[in-house]
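Me: I have a structure to go through before I set anything up. Can you take my questions as they come?

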Amino acid sequence: MKMRKGAARLCLSLMAAGLLLTVPVAAEEPEPLPEFGALAQEEPALEDIQYTSLGGTPCIVEVYTVPPEYPSGELGKGSFQKEGRDYVREAVLKVKENYVTESRLASQTVTVSHEGREGAAARFVPFLDYENGGYQGQLILDASTIFTEAAGTQSDSYPLSETREFTGLQRNDTYYIPKSVVKNGVTLALSDVDWTAMGDGTCRAQARYAGTGYGSRTTGYVSTGTYVGTVERKTLESVTYKVIYAGKPLPVVKPSLWPWILSGLGVLALAGGVALFLRLKPNGKLCAVEGGTRLRTVRRRISRIQPCVDASAPEYSGCGELLFYPYPSTMKWLAGRKVTVKFLDGHIESCPMETDTLLIGLQEGSK
């Protein structure tokens, strides 16, 4: 019943504590957890464990793959024990860098300048090295994309001349010669005339005209062409390390004798205590009787080697007789033997133990 009450009190206490803990309080907003991918990226990944021997020394090699920025000095453990050996980290070696390759199409337009309009394609190189945003590669000229145009013009003047022949003239008179002519839209003025007399009495004239033409000329040309191709970018994704542990045998610890000594002493003490307990344990009762009434009863122990009942105590002086009752286990070895009784006046008598009760008369002796 008491155990049930104690269990009920314990349950009530736990319920009260739970109610106190669930009381709403003003709490700070929790910080947002990092994304799973970002968290996982920071953790080193143990790829393999290798068991080997270097120079006769047993070694354990752990292979890790970590992000590029992860400090290699934090990989593995400082030391540990396994199979009777003490392994200590000796070295951290970089094995390789792991790259991820990305590819895409790229193009680049190139402009070249030249004087002549013809032969623009010869002005371009067939291949072009590309490097931009981490992407690298070689592009090829697409000839169909070449386009040429004038780079600019400049105003210019140039001399124009014209020679014309006139025949069948009656005389060498410039009256018969036109004073100007038009060539390519430019008016030329008469500058000189050569006369030749003909045999039929007529004249032939060669008239020379001169003037200045005005216009513009192209100063150069510009051609553009596009290079196309596939480029690649290599990104360092992770780094592979090897952590090497060298093993040394654990020192042999000599067994201490103190546990055995203390255990032996404990056994001896226990055995002595048991022996003392058995030696002092009462194995009978002694009752004081007066007028048929039992006054008091005390437990006594009598020796198995020399059974003796001490009736000389002063508290028995007013009693008529004593009754000694051996325990059943004591009676097994006491039956038939003589028990020595020591009286108050000092004399001693031997009384045979014939029944399970020994009657000792204090006034007249034993019975």
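Predicted model: local features only at pLDDT ≥ 70, side-chain atom pairs only at ≥ 80, totals over all residues.

Me: How many disulfides does the structure hold?
Reply: The count of disulfides is 0.

Me: OK, overall picture. How many helices and strands are there?
Reply: The protein has 4 helices and 17 strands.

Me: What percentage of the residues is buried?
Reply: Of the 367 residues, 25% are buried. The accessible surface is about 25,900 Å², and carbon and sulfur atoms hold 55% of that.

Me: Now the largest nonpolar core. Which members touch the most others?
Reply: Leu322, Leu358, Ile360 and Leu362 do, in a core of 21 residues.

Me: Which elements give two or more residues to this core?
Reply: Strand 10 (284-290), strand 13 (321-326), helix 4 (328-334), strand 14 (338-342) and strand 16 (358-361). Helix 4 provides the largest share, with 3 residues.

Me: Take Ile360. Where does it lie?
Reply: Ile360 is in strand 16. Its relative accessible area is 0%, so Ile360 is buried.

Me: How far is the C-alpha of Ile360 from that of Phe324?
Reply: The two C-alpha atoms are 7.8 Å apart, while Ile360 and Phe324 are separated by 36 residues along the chain.

Me: Switching to aromatics. How many aromatic pairs are there?
Reply: There are 3 aromatic pairs. In one of them, Phe80 and Tyr87 are stacked, because the ring planes are at 15 degrees, with the centres 5.5 Å apart.

Me: Are those two residues, Phe80 and Tyr87, buried or exposed?
Reply: Phe80 is buried at 17% relative accessible area. Tyr87 is buried as well, at 7%.

Me: What about Phe80 and Tyr245, how are their rings arranged?
Reply: Edge-to-face, because the planes of Phe80 and Tyr245 are at 70 degrees; the ring centres are 5.0 Å apart.

Me: Which strands hold Phe80 and Tyr245?
Reply: Phe80 is in strand 3 (residues 79-82) and Tyr245 is in strand 9 (residues 203-249), so this pair ties together parts that are 165 residues apart in sequence. Tyr245 is buried, with 0% relative accessibility.

Me: Which residues do the ring pairs link into a cluster?
Reply: Phe80, Tyr87 and Tyr245.

Me: Where does the charged end of Lys77 sit?
Reply: Over the ring of Phe80, 5.0 Å from the ring centre. There is also Arg104, whose charged end sits over the ring of Tyr135 at 4.5 Å from the centre.

Me: Backbone next. What is phi at Glu83?
Reply: Phi of Glu83 is positive, about 50 degrees, although Glu83 is not a glycine. Glu83 belongs to the loop between strand 3 and strand 4 (85-114). With 74% relative accessibility, Glu83 is exposed.

Me: And what is phi of Asn184?
Reply: Phi of Asn184 is near 55 degrees, again a positive value in a residue other than glycine. Asn184 is placed in the loop between strand 7 (180-183) and strand 8 (186-197). Asn184 is exposed, because its relative accessible area is 67% and the cut-off for exposed is over 50%.

Me: Last one, Lys96. Where is it found?
Reply: Lys96 is in strand 4. At 48% relative accessibility, Lys96 is partly exposed.

Definitions and conventions: Residues numbered from 1 in each chain as written. Heavy atoms only, no water. Core = buried A, V, L, I, M, F, W, Y, C linked by side-chain atoms within 4.5 Å. Buried < 20%, exposed > 50% of the residue type's maximum accessible area, 1.4 Å probe, protein only. Areas by Shrake-Rupley, 256 points an atom, 1.4 Å probe, with all protein chains shown as cover. Phe/Tyr/Trp six-rings, centres within 6.5 Å; stacked < 30°, edge-to-face > 60°. Lys NZ or Arg CZ within 6 Å of the ring centre and 35° of its normal. Disulfide = S-S within 2.5 Å.
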